[in-house]
Structures are given as C-alpha cells and as structure tokens.
Amino acid sequence: MKDEEIDRPSAMKVRQGIQDAITYSLPDKKFSEKNIDLVEIDIELKNLGWNFHNYRILNLTDIHLGQWINPKYLDDLVDYANTLNIDLITLTGDYFSYVIDEYIESLQNSLKRLKAPDGKLGVLGNHDHWMGAEKVRDIFKAADIVDLSNDVKTFEKNGDCLNVAGVDSCTVCADDLDKVISKLPEDVPTVLLAHEPDFAKESSKTGRFDLQISGHSHGGQFIIPSFETTPFRGPNSTKYPVGLYNVENMIQYTSKGLGTNSFRIRINCKPEITIITLKTDKKQKIPLK
C-alpha cells in the first residue's frame with residue numbers, strides 16, 4: 001500500500017499544531033529507570049524446544065517521539081535497555097505521532113544503538129503510515145532492524161526452531177495475514193507482532209500463533225487502581241487494552257507502551273519496557289533413585 005493511498009485522520013494540521021504546542025509549552029521529560037515499568041513475564045509455549053527455553057524477548061512500542069519522549073530521553077532509555085540481558089528486540093509500531101521530519105535522525109540513531117544477540121525485528125503502527133511508512137522503513141534499514149510487516153523470520157538453535165511473524169497495521173488495512181501464513185513453517189512455535197491488540201480476534205482463529213505482542217493502546221494512559229485495566233479504549237484496543245489475555249488458544253499481551261498521544265499525561269500508567277521470557281512445556285522427568 002502506497003503512502004498516498006492511506007486514509008489519514010482529518011484535521012491533521014490541527015493535530016500537528018496541538019503536538020507542537022504541548023511539546024514546546026511543557027518541560028522535557030527526563031528518563032529515569034525508576035519511572036519505567038519494567039514488566040517481566042514468563043510465557044509457556046507449546047512444543048518450544050529446550051534450546052529456546054528461557055529465551056528473552058524485549059519489546060518496545062509506541063515511542064511517539066517528539067511528545068512525552070524527546071531525543072535525549074530515548075537515548076537514555078536505549079542505554080538502559082542495552083543492560084537488560086536479552087536475546088531479541090521487537091518493536092511494535094508508532095514511532096511518531098503527527099510530526100516526523102525533525103525527529104528522523106534522532107530515532108534512527110537511537111534505534112541503531114539498540115543491541116541484542118539475535119537482532120531487532122519491527123512492524124509499523126497506524127501513525128507510521130499516516131506520517132509516511134516509507135520513511136519509517138528507511139529508518140529500519142539504517143538502524144539494522146528487520147521489517148517484519150506481513151513477513152516471518154525463523155530462528156534455529158541446535159535443531160530447535162522459533163517463528164517470529166509480523167503483520168502491518170490493521171487500522172490502515174495494511175495487514176495481510178494470509179501472506180504471513182503462507183510463509184509460516186508449520187509445527188513450529190510462533191510469536192506474532194501486531195501493533196493493534198484487537199487483531200488477536202483474527203489471528204487467534206487461525207490456530208497458527210501461540211503468542212501475540214502488541215501496543216497501540218498506551219494502557220489508556222490511565223489505569224484504574226486495583227483493577228489493572230483502563231476505561232479509555234480506542235479503536236482496535238477495546239477488547240485487549242492492557243496486559244495478558246487468553247484468546248482462543250493464543251496468548252495476547254498488550255504493552256502500555258513508552259510514549260503518549262494527544263495528552264502528555266499518564267496516571268497510574270508508567271511507560272513500559274516488556275521482557276517476555278519463553279518457557280518450554282516439555283517437562284523433564286528425573287527418576288528417583
């Protein structure tokens with residue numbers, strides 16, 4: 001899908017003006033690991049080989065560079081992320097909001113500095129398409145990120161395999177799940193990257209995915225205390241707005257993300273870095289002597 005074919009929000013100029021007004025009228029946010037919610041989750045995958053047991057995936061999503069997150073904040077966040085002892089980095093979309101050109105170099109430099117032994121994989125979000133998908137894909141190339149939009153990458157370790165697949169943003173109808181499935185090796189545990197969490201309603205029906213990782217919702221930017229959910233749910237994040245869900249036989253995880261959109265505020269909803277540790281369901285039996 002070409003950029004000019006994307007259905008962009010009305011009043012785009014107004015939204016850009018609001019972003020600029022908020023960004024320049026409020027003090028810069030400064031990164032502190034105390035103000036980040038480092039969420040660590042263990043997820044058991046059916047038939048995951050022992051060579052991928054304890055495999056650690058770090059997910060970053062919804063940076064929205066230029067609003068809550070400024071270039072210095074992102075640089076410091078990258079430095080912190082690089083200390084977290086992970087195997088793979090995934091990125092699940094919305095790197096910008098409504099302003100892009102003045103932040104391209106900063107995003108590219110920061111993402112290039114992200115390091116993981118098995119590399120970096122990413123998909124695009126709706127804002128990335130609204131602002132220019134090809135510009136974001138160029139950033140991916142320069143930052144050594146594999147563009148996994150409607151694609152699959154299979155990792156192999158000593159005979160064990162793990163699929164990581166990705167779909168492009170369903171908000172702008174850029175997703176092509178049939179194309180993904182046509183490339184998907186069978187009988188291999190599979191993780192799906194999808195920007196919008198409610199895409200789980202579609203992906204789960206295929207029976208081909210064990211885990212979907214998403215963002216998009218920002219956790220509503222407000223989490224109800226004690227209930228760990230949010231009343232603020234936008235399109236494509238109404239059913240699975242934050243946290244873990246079982247959808248059919250698939251696990252859905254929705255991150256609260258890093259940045260904000262529209263209002264530069266988070267209430268009981270810290271920016272999130274997620275580490276998902278994959279576990280095998282193959283139980284070792286050690287006989288008693």
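Trainee: What does 27% relative accessibility make of Cys 161?

Mentor: We sort residues by relative accessible area: buried is under 20%, exposed is over 50%, and partly exposed lies in between, with a 1.4 Å probe and protein chains only. At 27%, Cys 161 therefore counts as partly exposed. As for Cys 173, this residue is in no disulfide, and the nearest cysteine sulfur, that of Cys 170, is 8.0 Å away. A disulfide here is a pair of cysteine sulfur atoms within 2.5 Å, and the structure holds 0 of them. With 59% relative accessibility, Cys 173 counts as exposed.

Trainee: Before we go on, what sort of model is this, and how do its residue numbers run?

Mentor: This is a predicted model, in which local features need pLDDT of at least 70, side-chain atom pairs count only at pLDDT 80 or more, and totals for chains, interfaces and linings use all residues. Residues are numbered from 1 along each chain as its sequence is written, and side-chain values use heavy atoms, leaving out hydrogens and water.

Trainee: Now the sheets. In what order do the strands of the sheet with S6 and S10 stand?

Mentor: Strands are DSSP runs of E, at least two residues long and numbered from the N terminus, and two of them pair if DSSP finds at least two bridges between them. Here 6 strands form an open sheet with mixed pairing, in the order S6-S7-S8-S9-S11-S10. S6 (151–157) and S10 (243–247) are the edge strands, each with a single partner, so one side of each has no neighbour in the sheet. On average, neighbouring strands of this sheet are turned by 20° against each other, direction ignored; for such angles, axes are lines fitted to C-alpha atoms, and values run from 0 to 180 degrees between N-to-C directions.

Trainee: How many residues of S8 are buried?

Mentor: For S8 (residues 190–194), 5 of its 5 residues are buried. Thr 190, Leu 192 and Ala 194 point one way from S8, Val 191 and Leu 193 point the other way, and all are buried. S7 and S8 run parallel and are joined by 5 bridges; Val 164 has Val 191 in S8 as its bridge partner. Further along, S9 (residues 211–214) runs parallel to S11 (residues 250–254), with 4 bridges between them, and Ser 214 is partnered by Thr 254 in S11.

Trainee: What is the strand order in the sheet that contains S12?

Mentor: That open sheet also has 6 strands and mixed pairing, ordered S1-S12-S2-S3-S4-S5. Its edges are S1 and S5 (145–147), each with a single partner strand, so one side of each is left without a neighbour in the sheet. From one strand to the next, the twist averages 25°.

Trainee: Why can S12 be called largely enclosed?

Mentor: Count its buried residues: 8 of the 9 are buried, so S12 is largely enclosed by the rest of the structure. S1 (residues 37–45) pairs with S12 in the parallel sense over 9 bridges, whereas S2 (residues 55–60) runs antiparallel to S12, with 5 bridges. Ile 276 in S12 is the bridge partner of Ile 41 and also of Ile 57. S2 in turn pairs with S3 (residues 88–92) in the parallel sense over 4 bridges, with Leu 58 opposite Ile 89 in S3.

Trainee: Which residues other than glycine have a positive phi?

Mentor: Most residues other than glycine have a negative phi. Two cases to look at are Asn 158, with a positive phi of about 50°, and Asn 236, with a positive phi near 70°. Asn 158 sits in the loop between S6 and S7 (160–167) and is exposed at 70% relative accessibility. Asn 236 belongs to the loop between S9 and S10 and is partly exposed, at 27%.

Trainee: Which residues form the nonpolar surface patch?

Mentor: Patch members have over 30% relative accessible area and no salt bridge; nonpolar side chains (Val, Leu, Ile, Met, Phe, Trp, Tyr) are joined within 5 Å and like charges within 9 Å. A salt bridge is a side-chain nitrogen of Lys or Arg within 4 Å of a carboxyl oxygen of Asp or Glu. Here Phe 263, Ile 265 and Ile 267 form the patch, with about 320 Å² of accessible area together, by the Shrake-Rupley method with a 1.4 Å probe. Ile 267 lies in the loop between S11 and S12 (272–280) and counts as partly exposed at 41%.
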